[in-house]
Amino acid sequence: MHINLTTHKFNKDDEENKIFMKKIGIVDTTFARYDMAKDAIDEIKKRVSKVKIIRRTVPGIKDLPVACKKLIEEEGCDIVMAFGMPGKEMIDKICAHEASMGLILVQLLTNKHIIEVFVHEDEAKDEKELAWLCERRAREHAINAINLLFHPEKLTKLAGTGQRQGFEDVGPLKGSK
Amino acid sequence: MHINLTTHKFNKDDEENKIFMKKIGIVDTTFARYDMAKDAIDEIKKRVSKVKIIRRTVPGIKDLPVACKKLIEEEGCDIVMAFGMPGKEMIDKICAHEASMGLILVQLLTNKHIIEVFVHEDEAKDEKELAWLCERRAREHAINAINLLFHPEKLTKLAGTGQRQGFEDVGPLKGSK
Amino acid sequence: MHINLTTHKFNKDDEENKIFMKKIGIVDTTFARYDMAKDAIDEIKKRVSKVKIIRRTVPGIKDLPVACKKLIEEEGCDIVMAFGMPGKEMIDKICAHEASMGLILVQLLTNKHIIEVFVHEDEAKDEKELAWLCERRAREHAINAINLLFHPEKLTKLAGTGQRQGFEDVGPLKGSK
Amino acid sequence: MHINLTTHKFNKDDEENKIFMKKIGIVDTTFARYDMAKDAIDEIKKRVSKVKIIRRTVPGIKDLPVACKKLIEEEGCDIVMAFGMPGKEMIDKICAHEASMGLILVQLLTNKHIIEVFVHEDEAKDEKELAWLCERRAREHAINAINLLFHPEKLTKLAGTGQRQGFEDVGPLKGSK
Amino acid sequence: MHINLTTHKFNKDDEENKIFMKKIGIVDTTFARYDMAKDAIDEIKKRVSKVKIIRRTVPGIKDLPVACKKLIEEEGCDIVMAFGMPGKEMIDKICAHEASMGLILVQLLTNKHIIEVFVHEDEAKDEKELAWLCERRAREHAINAINLLFHPEKLTKLAGTGQRQGFEDVGPLKGSK
């Protein structure tokens, strides 16, 4: 994502006029090896006041879908972020696929967005880089969640520009008009 | 598609008699590296007057299904075009598959067509050709969307004729009657 | 299928007593390279009078499910035939899988049968054989559709006998009682 | 399964007291190369009196799910057995997967068990063994269906004991308590 | 999981105040080669009084989803544990995938958690280790089920700490803050 994470801020007063305490759900797992939810919550609190955050933790990624659905339907969340960290083996990839299908289904059953924030253990060269990636992706997707909820027009300005969460943006194709 | 993109036009007056401001939804991603939605919107506007276009942008392709469903159910869209650009890796292919399953589900839950316009990064030999492909596919699928909405009989005339969107049509089998 | 396609006929008078104008839906694609729907419609008309056929054409196989659902729910079709022709590449196989899952879902949501008539481009040695296969499969599955609708007992007589649509039947296992 | 198929019998009088004519649905295909349904029906009739059996036959395994759902919802079946015989090719494995997903969905939509009885053509060394396997699996799963319907406690006695349908049971792990 | 299985106990009096006889469903298979349900039930009873346990056994893992749904909807279970033991072959992996998708669907249809406790036959080096793994995983997931039901805050304390059920916990990433 191209914005500077440390300096970019939403105008809090604008938010206050627009919202009547929106609720953001946060679900993560005990299986993951990094506390991405903490970073995301920190990022949200830095950028938006008057938003209520409700957090739940489940054992593994396949437990995420129903936890998200309960946050939306039983707690009234307007959007949910779902954090997971699939391992390197084929079985982990299959679990991630099943969880993703479940998360899509929840969205279709509730008409609410769920931002899936998965970091695969084989995405980075070592544990240190993986931890760095987890934090970056959690924070950048927190901004995506805020934009979906409060500033959808900001996303449209970035349409087709090759945004990535965590590693560097790849940018638009050479040859794009 | 065999029609000449630059000269073929729908009769706008015909449309005016037929429709009471149909709505076409457009959803794309910040992940994609080309703004296909812009081309599609341009193509639609060239061909149909009195159609309302509603556009949304989401982070990635797995966010497309619920965005499409919201356009149909909350904004009253009669058809939606969903644009995405999966990467080259296996994980990207899996995401595309999950998104496609979601898009099919949305259609079944709403009884509305969603035209999936995905360009895979490994479909072309370089970025320039990829950009060319994106524009062509976006424009040709815009025509498909218009035909599904206003001229379904035009599609039936092309049944079984090997139409492709982007690259050249492959045409009917040798040996077809 | 073991029956002689050119001479076997259903008794039209029997049909007239049994039905009050059943509707058969037909959906195919502009992507396919052979007009299987035409052959199927021809086969149905040769065998059953007083049946109404409603045809729709969509761009690709992933557009088939919702088109089938609309034929059932909006046009009152009692059964639908869905024709598609997946290409040779892995991506085509995945699309076919997604379409098939969608077609199964439509059936479960409507309690109506949909006969999936897919011919994969790599099923035959050349285009001529592929065209031959398309026609045979379309016609034989048209008979399956008719039997499901009007003569389910005929299918039970063929249970476990190794019927195939297009190529030769493989027949029952040696060693079957 | 460890029980002797030819001598083990349920007490018919017990059944008579417990049931008010339960209905068992049976669905199979013309694609299969062995009539497993016949064996299953024979096994059920030997073991349970006062049960009504309703049989349907469809072309292929992907047609099974809706046929099962119709038996449950339109014919009032309390449980269904679904018989299929996927071929050896990758495409056959995919069809079997799609059918299985459909069968699971039907169960979730109806809250009734469906016993999937699939024999893959590559499970046995020749056609004779395959026919033997088909009969064994059909009969043993018929007993499973009866137990699910009338004697669920018998299944719990076998929990975790490595039961197989067709080939020999593998038994509990060495080292189990 | 980091807790000592033999000494850690929930305060039973606390439970008594909090609950009005919660119900935990337990479903396992005759296919599995170890009775994990027994260990889980033992673990639950050691830790929670005044909880009602309802157990069902089905033939194979694909029968688990509907059995779980019936326990929730027909027996009023508040949470369910689903035990299965997929074999080593590709077909077993596919069955496990289908069962997992079904279990996720049940959760979304009921808004109740289902703890999937699957042990794959190829996870351990021999039958003895496999039996050890089955018991450990069953007991540790029993604790997860109890926590989800009575102590969700305990799970949040473990968020992102690399918990595993059975084998040793992998712990948080080096480099995590």
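**Sheets and helix contacts in a predicted model**

Let me start in chain B, where eight bridges join β1(B) to β2(B), two strands that run parallel. Residues are numbered from 1 along each chain as its sequence is written, chains are lettered from A and ligands numbered from 1 in the order in which they are written, and side-chain values use heavy atoms, with hydrogens and water left out.

As for the terms, helices (H or I, at least four residues) and strands (E, at least two) are DSSP runs numbered from the N terminus, and two strands pair if DSSP finds at least two bridges between them. The open sheet of chain B has four strands in the order β2-β1-β3-β4, with parallel pairing. Its edges are β2 (51-58) and β4 (114-118) of chain B, each with a single partner strand, so one side of each is left without a neighbour in the sheet. On average, and ignoring direction, neighbouring strands of this sheet are turned by 15 degrees against each other; here axes are lines fitted to C-alpha atoms, for helices over the stretch in contact, and angles run from 0 to 180 degrees between N-to-C directions.

Staying with chain B, the side chains of Arg33(B) and Glu127(B) meet in a salt bridge at 3.1 Å, N to O, the term being used for a side-chain nitrogen of Lys or Arg within 4 Å of a carboxyl oxygen of Asp or Glu. Arg33(B) lies in the loop between β1 (22-29) and α2 (36-47) of chain B, and Glu127(B) in helix α5 (residues 127-150) of chain B, so the pair ties together parts that are 94 residues apart in sequence. Over all chains, a search of the whole structure finds 95 salt bridges.

Turning to chain A, there is an open sheet of four strands with the order β2-β1-β3-β4 and parallel pairing. Its edge strands are β2 (51-58) and β4 (114-118) of chain A, each pairing on one side only, and the twist averages 15 degrees from one strand to the next. Eight bridges join β1 (residues 22-29) of chain A to β2(A), and Gly25(A) stands opposite Ile54(A) in β2(A). Helix α3 (residues 64-73) of chain A lies across β1, β2, β3 (79-84) and β4 of chain A, at about 160 degrees to β1(A), whereas helix α4 (residues 90-110) of chain A lies across β3 and β4 of chain A, at about 165 degrees to β4(A).

These two helices of chain A also meet helices of other chains. How far apart are the axes of α4(A) and α4(B)? They pack with their axes 10 Å apart, at an angle of about 30 degrees, and are therefore roughly parallel to each other (angles under 35 degrees count as roughly parallel, over 145 as roughly antiparallel, 65 to 115 as roughly perpendicular and the rest as oblique). The residues of this contact divide into ten nonpolar, four polar and one charged; Ala, Val, Leu, Ile, Met, Phe, Trp, Tyr, Cys and Pro count as nonpolar, Asp, Glu, Lys and Arg as charged, and the others, Gly among them, as polar.

The axes of α3(A) and helix α4 (residues 90-110) of chain E come within 9 Å and cross at roughly 10 degrees. Pro65(A), Val66(A) and Lys69(A) in α3(A) meet Ile104(E), Gln107(E) and Leu108(E) in α4(E), and by class that contact has four nonpolar, one polar and one charged residues.

Finally, in chain C, the axes of helix α2 (residues 36-47) and helix α5 (residues 127-150) come within 8 Å and cross at roughly 45 degrees, which makes α2(C) oblique to α5(C). By class, their contact has eight nonpolar, no polar and seven charged residues.

Terms used:
This is a predicted model: local features need pLDDT of at least 70, side-chain atom pairs count only at pLDDT 80 or more; totals for chains, interfaces and linings use all residues. Contact means heavy atoms within 4.5 Å.
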